[in-house]
Amino acid sequence: FSATLLSLLLCASLANAAEKPLIVASDATWPPIEMLDENKNVVGYSIDYLKAVAKEAGLNVEFRNTAWDGIFAALESRQADIIASSVTITDKRKKAMLFTDPYYELHQAVVLPLGKEIKDLEELAGKRVGGQIGTTAMVQTIPASKIKMIVKTYDEVGLAFEDLAKGNLDAVMCDDPVAKYYANTKDEYRDKFHIGLVTGDPEFYGFALRKNDKELAQKLNAGIKAVQEKGIEKQILEKWFGTN
């Protein structure tokens, strides 16, 4: 009897371990991709997408709001298992972490005050341009342009838009879905900003994992494929971005 009871307890323990959720880190300051709702829950396009992927892959996930400046350290130190936080897939990042297949295509956008126009990035020379620290706009697009802008970085992109509204910046550069949210959707800015320029070079979001988590990447990629083939991706796109 004791041996049978011990065996049952061991099986139950293993079952509970198998059901332990994967911790997903997300910086909920990048609407409408990742944001907080009125109850401080992490919501957004990436969140719904990964929930759907996890369901298709038979995985259990739990989301935690994690500041951008510590999000990659959280993955490396095993405080998180997945990053779902609008992480653009770049060659530099692929050296440090493993990415799933892409789940969203984006471009960099420049948000300007109403009445201001530009035809290309060169017109931002000498202008005060803000953006969130560590994002591809700040560490890749602007430096690669070699245009001498007066760059100001912020811990959250919302703070950059606050400064743009106050006249402390001439422009904000960020991912185009975020730019559209602040320029077209957010009530306090809808009549103050517009998108002045969208870059032509595409970028892609992926879910970030530790380098050795290849089996998890395979499961997530299978889930991404299922979400795309079953039309679930289209439903999530319509929920967060509307129909074109």
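Contact here means heavy atoms within 4.5 Å. Keep that in mind for the first stop, helix α3. One caution before we go: this is a predicted model.

So, helix α3. It spans residues 68-76. Which of its residues are buried? Four of them: W68, I71, A74 and L75. Now look down the axis. These four cover an arc of only 95°, which puts them on the same side of α3. An α-helix has 3.6 residues a turn, so residues three or four places apart point the same way.

Turn to the other side of α3. There, D69 and E76 are exposed. And what covers the buried side? The cover includes strands β1 (22-26), β5 (82-83), β9 (128-132) and β14 (208-209), along with helix α4 (91-94). Just past the end of α3 comes R78, with a positive phi of about 65°.

Next, the nonpolar cores. The largest one has 49 residues. Y49, L50, I82, V157, F161 and F207 have the most contacts inside it. Which helix gives this core its largest share? Helix α2, residues 45-57, with 7 residues. Take F161 from that list. Beyond its neighbours within four places in sequence, F161 is in contact with V111, V172, C174, Y182, Y189 and F193. There is also a second, separate core. That one has 14 residues, among them L121, V129, M138 and M173. As a general point, nonpolar side chains in soluble globular proteins tend to be buried together.

Now a charged residue, E203. Find it in strand β13, residues 203-205. Is E203 buried or exposed? Buried, and without a salt bridge. The nearest side chain of opposite charge is R93, 6.9 Å away. What does the E203 side chain have instead? Polar contacts. One goes to the side chain of Q108, at 3.2 Å. Another joins E203 to the side chain of T136, at 3.0 Å. Leaving out residues up to four places away in sequence, E203 touches T88, Y104, E105, L106, Q108, T136 and T141.

Last stop, D191. This residue sits in the loop between α7 (176-185) and β12 (193-198). Why does D191 count as exposed? Because its relative accessibility is 66%, and the cut-off for exposed is over 50%. Now find L114. D191 and L114 are 77 residues apart along the chain, yet their C-alpha atoms are separated by 7.5 Å.

To recap: D191 is exposed in its loop, while E203 is buried with no salt bridge. Thanks, everyone.

How values were computed. Residues are numbered from 1 along each chain as its sequence is written. This is a predicted model: local features need pLDDT of at least 70, side-chain atom pairs count only at pLDDT 80 or more; totals for chains, interfaces and linings use all residues. Side-chain values use heavy atoms; hydrogens and water are left out. Helices (H or I, at least four residues) and strands (E, at least two) are DSSP runs, numbered from the N terminus. Buried means under 20% relative accessible area, exposed over 50%, partly exposed in between (1.4 Å probe, protein chains only). Lys and Arg count as positive and Asp and Glu as negative; His and the chain ends are not counted. A salt bridge is a side-chain nitrogen of Lys or Arg within 4 Å of a carboxyl oxygen of Asp or Glu. A polar contact is a pair of N or O atoms within 3.5 Å; within protein, one must be able to donate a hydrogen and the other to accept it, and residues adjacent in sequence count only if both atoms are side-chain atoms. A nonpolar core is a set of buried Ala, Val, Leu, Ile, Met, Phe, Trp, Tyr and Cys residues joined through side-chain atoms within 4.5 Å. The arc is that of the directions from the helix axis to the C-beta atoms.
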